[in-house]
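Subject: Structure handover

Hi,

Here is the structure we talked about. Please open it alongside this note; my findings follow below.

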Amino acid sequence: MALSNQQNSVGISGDGSQSYSFALPFFASTDIKCFEQLTSTSTPTELTKTADGTAFGSLSAGEFSISFTDKTVGGTVIIKTSNDVALATGQTATIERVVPLTQEFDLKEGSAIDPTALNTALDRVVAQNQQNSDNITKAITFPATDSGITYGVTESAASRAGKVLGFDATGSVAPLNVTTLSTGTSTTIAGGNGIINNEGTISVNNDSDHINFDGSGKLKIATDGVTALELADNAVDTAAIADNSVVTAKLPDSTGTSDGVTLPKLRHIPTDKVLGRVSASDGDIELLDLKDEDDMTSDSDSSLATQQSIKAFVNAQAAKAIPRAIIPDTSGTVTYVATGSTLDGGTASEDAGSGTITKGNQDNASNIQGAISGDYLDYFVKITGNTGAAHITNQTLQIPLSGLSSSVSGVTIQSSKIVGVFVRPSLQVDAHDDTGAIDSDNPQVKIEYYMPRGQTTGAGTLNNTNYRYEAIGWRREVDGAQYSNLNMMTYLPVNAAAGQASLLFRFNAKNVANAGVLRLGLTIHAVNMVTL
């Protein structure tokens, strides 16, 4: 036969059968050996071979037999394990061909050569080489590049007793001494130190709650294995804690058993300092100044005011923000429009009839733009001495918000922070023999304010989109020559934050012929501003 298969052993996986076929050529049934391995960790055991063709029921525990028709292709093996049963699922067996290392073909001089016998002899040689090769591959080998290395052991048995086979400093094979741990009392490891010496076997007395093996032979600290009870006082020094080792995620929040950082754990803070950060972007906590200043004179990005100083400052500013008299500048920037186009679609006009229309202020009856000295601003328009009807239509008074000062010492009125004004319209009429209807659409005198509509931002200047005229005072009298004055304090909103730079009022008046004095008065008592 020709040995094209280079293997000299085959494996068998048990499935509960009593017999298994194997494709391993052999020369004699005595060449076949069988080994069982009942578990993955058990030691393989060689079974005893009985007579060829012995049935399973005739086998004893740990025996096998083979049957075959043609040895050149293999045969069938019948196995009864050492447990006296068939090879079960999960159990394995190995069939190995072991040919005696002999040469059985004898060539005689002058005799004819038997081709079959010669071929068998050559096959035996190949089989013998195959099993030697298999043994060599399972042995410890060394690289061909070794140079000057020795592999033999020259020490006598008595000399190498108690030593182990290893490699010396040159890499050569040599018997090496072993340090042994005696079980005597002088080297016994005291109990409770975590290591146990039991007759030379060393083991670790691990506590699975704190330290345990991870399944790969390594001891590791168990989850939650180190608590405050396991750490002695001052067990971990600051130098032993790596930089950035304690991060926010490692600090328990208030949902845990306790807050992560308590007051006693905080650093000592100097007097009049607080913890915070005013630098751009995220970063380390900074020490900020805590100021106790009732007047808030400090202007620092790194200072915080105390509750007491804030309260004192706000109280002081509130006292200044209540209605106070104001004094205008002397630049004459007040504008009065008697004729021409005005805002909100109205056209200013003036018809005195046969009377006289006077426009002025409390110090100068003929000049509405004159400088005012005193505690308030006072403007008026009146009609007197008329023998015919007179009309004032949509005449406007524009008063800048800038350049105002307060009668309160030390207070500067900032026009951009004005939120309202306190005014008192004063309306005087004489009905004479006028018997017309009395209603707000047909008054004899009316003062209107160009009212901000909501808090629309970006207005810049007065315009019809964000402002609208609203009446703040009107009056009408009938049935005889009666005089009547309307005097009341009115608060008007100002949208300076959105760009409103001035106050705009509009006057309308009409009277019948031969009526008495008709007067529209407007007194501005104070502005109201937000100073914070």
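Predicted model: local features only at pLDDT ≥ 70, side-chain atom pairs only at ≥ 80, totals over all residues.

The expected span of a helix is 1.5 Å times one less than its number of residues.

Helix 1

Helix 1 covers residues 115-137, 23 residues in total. From first C-alpha to last, helix 1 reaches 33 Å, close to the 33 Å expected at 1.5 Å a residue. Which of its residues are buried? They are Ala121, Asp123, Arg124, Ala127, Gln128, Gln130, Gln131 and Asp134. An α-helix has 3.6 residues a turn, so residues three or four places apart point the same way. Strand 8 (92-97) is included in what covers the buried residues of helix 1.

Four strands make an open sheet in the order 2-7-6-5, and the pairing is mixed. Its edges are strand 2 (19-22) and strand 5 (48-49), each of which pairs on one side only. Strand 5 runs parallel to strand 6 (residues 63-67), and two bridges join them. Look for Thr48 opposite Glu63 of strand 6.

Strand 32

Now go to residues 518-529, which form strand 32. Eleven of the twelve residues here are buried, so strand 32 is largely enclosed by the rest of the structure. Buried means under 20% relative accessible area.

Strand 32 has antiparallel links to strand 23 and to strand 26:
- Strand 23 (residues 377-384) is joined to strand 32 by seven bridges. Ile383 stands opposite Leu518 in this pairing.
- Strand 26 (residues 418-430) is joined to strand 32 by ten bridges. Val421 has Val527 of strand 32 as its bridge partner.

In a regular strand the side chains alternate between the two faces of the sheet.

The nonpolar cores

The largest nonpolar core has 38 residues. Which members touch the most others? Leu397, Leu503 and Phe505 do. Two or more residues come from each of strand 23, strand 24 (390-400), strand 26, strand 27 (445-452), strand 31 (502-511) and strand 32. Strand 32 gives the largest share, six residues.

Leaving out residues up to four places away in sequence, its contacts include Val334, Thr335, Tyr336, Ile368 and Tyr379. Leu397 also touches Leu503, Leu504, Phe505, Phe507 and Leu522.

Another core lies apart from the largest one. This other core has 17 residues, among them Leu47, Ile79, Ala93 and Ile95.

Best wishes

Conventions
Residues numbered from 1 in each chain as written. Heavy atoms only, no water. Buried < 20%, exposed > 50% of the residue type's maximum accessible area, 1.4 Å probe, protein only. Pairing = 2+ DSSP bridges. Contact = heavy atoms within 4.5 Å. Core = buried A, V, L, I, M, F, W, Y, C linked by side-chain atoms within 4.5 Å.
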